[in-house]
Every structure is written in C-alpha cells, then in structure tokens.
Amino acid sequence: MPNTDARRTRRDFLQKTGAALGGLALSGTALPASARGARRRPRAMSSHAKPLGVALVGLGNYATNQLAPALLETEQCRLTGIVTGTPSKIDRWRSEYDIPEKNVYNYETFDQIADNPDIHVVYVVLPNSMHAEYAIRAAEAGKHVITEKPMATSVRDCERMIEACEKAGVKLSVGYRLHFEPHHQEIMRLGREQVYGRVTVIEASFSFTSRNTEAWRFSKEMAGGGALLDVGVYAIQGARYTIGEEPVRVRATGYNTRPDVFTEIYETILWDMEFPGGAVSTHSTSYSANVNRLYMMAPRGWARIEPAFMYNSVAGRTNEGPMDFPEVTQQALQMDDFARCIAADETSRVSGEEGLRDMKVIEAIYRSIDRGGRWVEV
Ligand code: NDP
C-alpha cells in the first residue's frame, strides 16, 4: 500500500481536476428511462454512506495483483466477496481481505449473490469470452457491473450486456483504468480542446512479447481474437479519446510469422483509422514485439506518452516540456468513480456504450483483414 502522503497527493490532484475531467467523458449517454423503475434497483449512496461492497469474479493475475490491492486504497468501495472456481485460492483470499465465508461463491452458486446485501458491485475479471455471461447474470441478480476490457468478444454480446443492465436498472462500466490516469487525461484535454490546433495524426501501439502459448489468450474461442482485443484496444481507445471523435472507417492487415505458435489468432495486426474531422491514426499490436506509446500530432504542437498504457511509470511530454503528474492507482480511482456514479445516478465515463464503440472498431478491423486490407466502414 502507498503511504498516506502519496494518497493525499493523489486526492489533492483529483480534487483539483475532478470537475474538469468529468466534462471530458467521451460521448457517454445517460441510462434510458427504461432503466427507471426496473426491479431490484440498488439504493443510491449518500456521501456519508458506507463504501459499496465489491465482489471480484475470477481470481487470476489482474484480480490478485491489481484490483484487490487497489480495493485497499478506495474510499467508496471495499472488497466484500469473491467468486472463484478454484477452492485452493479461497483461504488465502479470505484471510488476506477478511471476507466472510458466506460471501464466497463459485460459478455454480454465483446467482445466489442476488440475496447478499454485502455485495453491491460485481467486477468480472474472467477470460474475455466469459464477460458477457457473468455481467448479464450479475445484472439479473440486481448488482451493478464492472467488466474488464475487452468488454466482450462481439458487438452482439456488448449489446446484450447493455440491455441486461438497463432492464435490471443497474449501472455498467468497463475497466478502462486509463481514463483516470493524469497523463491520459491531459492528452484528452490537449486533443479535444485543440490546444495545438485540430489533431491531425495519432500513432498508438501496444504490443508485448507473450511466451505463454498455453493460456486462454491464445484461444480464439476464449479470447475472441489475439493481441488486438487484449492490448490493441488501448490503442483504439487512445486515438478515440484524444481526438474525441469516432472513427468512420478502418483498414487492417494481419500477420503470422510463427503459424506453429499462433494457430488460432494473428500474431500481429497493423491498422489505420480515419475520423470525421479529418484526423488519421495508425496502429500496431502484437504478441511478438514490445511497444507501448500514444503520440498526438497537431499543427502547433505534439504530445507523447511513453510508456503509455502501464499501471505505473507512465511518462509523457509535449513540445513545451515534460508532463509533470503524480503517479496514481488507476484502478482505485476507476472504482471510486464508479461508486460516485452509482451514488449520483450518473453514467460512468467508461460505460458499456464506451466498450461497445471499441468492439465495433475491432469487428471492422477483422472485416478489413478478411477483405485483404480494404477500407471498411465501422
Ligand atoms: P488470468 O488467466 O490470470 O485469470 C483469469 C481467471 O479467470 C482465472 O484465474 C480463473 O479464476 C478464472 N477462470 C474461470 N474460468 C476460466 C477458464 N476456463 N480459463 C481460464 N481462467 C478461468 O487472466 P487475467 O487476470 O490476466 O485477465 C482477466 C481479464 O482481465 C481479461 O479479460 C483481461 O483482458 C483483463 N485484464 C485487464 C487488465 C487491465 O489493465 N485493465 C490487465 C490484465 C487483464 P478462478 O481460478 O478464481 O476461477
């Protein structure tokens, strides 16, 4: 855990910037009227209410090493439940996070979470293809939902998740932690407010060298694709939130230099996007390279974040000099903001609609690859 001074620095930063940043959300929409009056609507939290209880579903790497520790730093949320298919994980989690036995579920007993008043938010941290099922079951249990990125593995599943949450009157959010990171918030401001003029070019890429060929990430069925859904989605996000527009068309090519290893997914994908205001963006993602950057170019200046998409050590500069921002615990800020949205009955800036928009781009990228790299409409 960070020390108190570090926490205070983060809180000070947030207090100063919070109002402005709220206004920078992408074109998020409020929950439709159909959500009102739906069954099992959890009660809004007042500013002095107890923190919301969060249950993590799937106790893998991200839940264990990032989300659970971040929940020790949140002010509006706390870890009250776990859902796991691996009984050997339970004792350690229960003792480390003081979780009562009645708040421990597996994938068969999951729906009983509906009767648990300690759990307000279900956070789905499962392999990508399982996000839709557990998000929908959580909504049907009357719980607010956060699902990890990518939101799902198809546009249709994203739509089903949004519909289920609307019907249940619960809020839906995607774990896009970088919307809460100050360098990224700054590049959103520079781009959308056209501080250096209208953005002309974005270059954003995220690749890492993966040696774990046994993992679900290499299964098309479980991952929905390869590096594009896993980390390429950050590059799509970066372009979209810096320009503040939705891409209208994309062209893409997929490569595989090791067909013995990458039997179901592309090893590398390169793609370009065109935006309605005239900006263009170019990207790559791969499981056989190491790149991690978001560059913004405009007529009177530029901004670069590199490394861009990490949990920490994010660094950036503009043509005016280094960006000077404190390091934050992105996931803690993300979850506290979701709790605030629940209390205020606001749509999260990282809503289900935001995840859906990325999935539409991802499907267009695969369509373009299938058509030999031709431009296709998003
Ligand atoms: P892991 O493989 O480490 O963990 C996934 C967990 O899901 C497993 O440990 C297991 O937990 C559970 N699970 C249930 N069924 C299966 C199955 N059939 N195969 C494999 N696991 C299963 O993955 P990660 O934690 O790295 O990723 C989980 C999700 O989080 C992904 O969607 C990923 O994209 C996202 N993620 C997001 C990040 C971010 O920065 N926002 C960073 C990393 C990941 P149990 O044993 O408890 O049942």
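Modeller: The model is predicted, so local features need pLDDT of at least 70 and side-chain atom pairs count only at pLDDT 80 or more, while totals for chains, interfaces and linings use all residues. Residues are numbered from 1 along each chain as its sequence is written, and side-chain values use heavy atoms, with hydrogens and water left out.

Colleague: Why are helix 8 and helix 10 called roughly perpendicular?

Modeller: Helix 8 (residues 227–243) and helix 10 (residues 352–370) pack at an angle of about 110 degrees, with their axes 10 Å apart. Axes are lines fitted to C-alpha atoms, for helices over the stretch in contact, and angles run from 0 to 180 degrees between N-to-C directions. Angles under 35 degrees count as roughly parallel, over 145 as roughly antiparallel, 65 to 115 as roughly perpendicular and the rest as oblique. Helix 8 and helix 10 are therefore roughly perpendicular to each other.

Colleague: Which residues make the contact of helix 8 with helix 10?

Modeller: Contact means heavy atoms within 4.5 Å. From helix 8, L228, L229, V233, I236, Q237 and R240 meet E354, R357, D358, M359, V361, I362, I365 and Y366 of helix 10. Nine of the residues in this contact are nonpolar, one is polar and four are charged. Ala, Val, Leu, Ile, Met, Phe, Trp, Tyr, Cys and Pro count as nonpolar, Asp, Glu, Lys and Arg as charged, and the others, Gly among them, as polar.

Colleague: What makes strand 14 and strand 15 edge strands?

Modeller: The open sheet has nine strands in the order 14-13-12-11-7-10-9-8-15, with mixed pairing. Strand 14 (321–322) and strand 15 (376–377) each pair on one side only. Two strands pair if DSSP finds at least two bridges between them.

Colleague: How do you know that strand 7 pairs with strand 10 and with strand 11?

Modeller: Seven bridges join strand 7 to strand 10, and these two run parallel. Strand 7 is also joined to strand 11 by seven bridges, in an antiparallel arrangement. E203 has T282 as its bridge partner in strand 10 and Y295 as its partner in strand 11.

Colleague: Why is S210 called buried?

Modeller: Buried means under 20% relative accessible area, exposed over 50%, and partly exposed in between (1.4 Å probe, protein chains only). The relative accessible area of S210 is 12%, so S210 is buried. S210 lies in the loop between strand 7 and helix 7 (220–223). Leaving aside neighbours within four places in sequence, S210 is in contact with F218 and Y287.

Conventions
Helix = DSSP H or I, 4+ residues; strand = E, 2+ residues; numbered from the N terminus.
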